[in-house]
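Morning, everyone. Let's get the sequence and the model up on the screen, and then I'll go through the ligand site and the cavity.

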Amino acid sequence: MKTIESNRNFMKSHFNSSKTPSESDQVKGVSAPSLQIPPKEGNEIISLPSAPIIKYNLYEAMTQRRSLRKYSLTAMHLNELSFILETSCKVQKIVGDNIATFRPAPSGGARHPFETYIVVNNVEGLNSGLYHYLPLTHQLEKLKDHVDAENIVASVNGQKFVTDANVIFYFAVIPYRAEWRYIERAHKVMLLDLGHVGQNICLAAEATQSGACPIASYDQDIADSLFELDGNEAYISYIIPVGKKSQ
Ligand SMILES: Cc1cc2nc3c(=O)[nH]c(=O)nc-3n(C[C@H](O)[C@H](O)[C@H](O)COP(=O)(O)O)c2cc1C
């Protein structure tokens with residue numbers, strides 16, 4: 001089948017000895033795209049606790065992690081949500097003129113070509129609703145007060161357990177952020193990048209007595225429309241519900 005063949009080829013290396021292709025926008029002198037989608041004027045901005053105190057053991061988090069689909073329905077604390085976002089997505093350092101950012105998860109060329117959206121269902125200290133994470137300032141931008149549970153379920157192709165999660169992470173890729181440097185070599189790398197972020201979410205969830213379940217079976221159009229993404233310059237690529245474990 002043609003699709004299988006082209007998908008197999010997509011997984012191969014598209015790099016050669018030159019790390020940055022000479023015809024890339026970066027080499028042509030086009031300014032680097034913004035590192036984060038800026039918040040919309042008038043939207044509420046919530047600063048996250050900056051020093052969440054979470055005691056955890058990395059060995060235990062790594063060896064005990066399992067995909068969790070049954071949640072205890074107890075509240076997650078805002079400190080815990082802040083910890084999960086800090087250890088997966090927060091910008092720690094900007095290099096040059098938006099050339100790169102350093103964050104807890106690695107990314108090809110340090111481009112980090114994604115945005116983090118969350119559906120908050122049950123977090124003590126934070127109203128339910130739809131939010132956009134601002135990784136440069138460790139803040140949340142409130143997008144909507146409410147989203148119908150049916151829409152959430154439809155966005156994950158009927159996987160009902162997701163609505164019991166305390167928080168659902170929706171990761172959108174911003175392809176141009178990586179294409180600016182790597183053109184057609186960027187796309188495989190972006191998926192590898194998201195895998196790293198996903199694993200940090202899973203381990204951070206474990207460290208807060210929660211569990212995560214990575215989701216690849218989702219409905220593209222419904223997931224994009226939840227966050228009003230255009231489906232071309234920005235679109236959902238990975239979904240991860242996180243919920244508290246039963247004690
Ligand atoms: C990329 C990816 C996509 C996945 N998609 C789904 C999914 O849509 N629904 C689901 O219930 N589990 C999903 N899973 C979870 C896997 O079923 C799970 O990781 C696997 O069964 C191994 O179990 P463990 O994670 O508990 O070790 C996905 C996992 C990964 C890494």
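**Ligand site, then cavity**

Around the ligand sit Arg65, Arg66, Ser67, Arg69, Gln159, Cys213, Pro214, Ile215, Ala216, Ser217 and Tyr238, each with a heavy atom within 4 Å of the ligand. This is a predicted model: local features need pLDDT of at least 70, side-chain atom pairs need 80 or more, and totals for chains, interfaces and linings use all residues. Numbering starts from 1 along each chain as its sequence is written, and side-chain values use heavy atoms, without hydrogens or water.

By class, that shell has five nonpolar, three polar and three charged residues. Here Ala, Val, Leu, Ile, Met, Phe, Trp, Tyr, Cys and Pro are nonpolar, Asp, Glu, Lys and Arg charged, and the others, Gly among them, polar.

Now the distances. A side-chain N or O atom of Arg69 is 2.8 Å from a ligand oxygen. For the side chain of Arg66, the distance to a ligand oxygen is 3.0 Å. Pro214 uses its backbone: an N or O atom there lies 3.1 Å from a ligand nitrogen. The ligand alone exposes 620 Å², and the protein buries 57% of that (Shrake-Rupley areas, 1.4 Å probe).

Next, the cavity. How many cavities of 30 Å³ or more does the structure hold? One. A cavity is a set of points on a 1 Å grid over the protein atoms alone where a 1.4 Å probe fits but cannot get out; lining residues have an atom within 4 Å of a point. Volume is the space filled by probe spheres set on the points, joined across faces, edges and corners. The largest cavity has about 50 Å³. Its lining includes Leu35, Cys89, Arg103 and Tyr133.

How values were computed:
On a 1 Å grid over the protein atoms alone, a cavity is a set of points where a 1.4 Å probe fits but cannot get out, and a pocket is an open set with protein on both sides within 12 Å along at least five of seven lines; lining residues have an atom within 4 Å of a point. A polar contact is a pair of N or O atoms within 3.5 Å; within protein, one must be able to donate a hydrogen and the other to accept it, and residues adjacent in sequence count only if both atoms are side-chain atoms.
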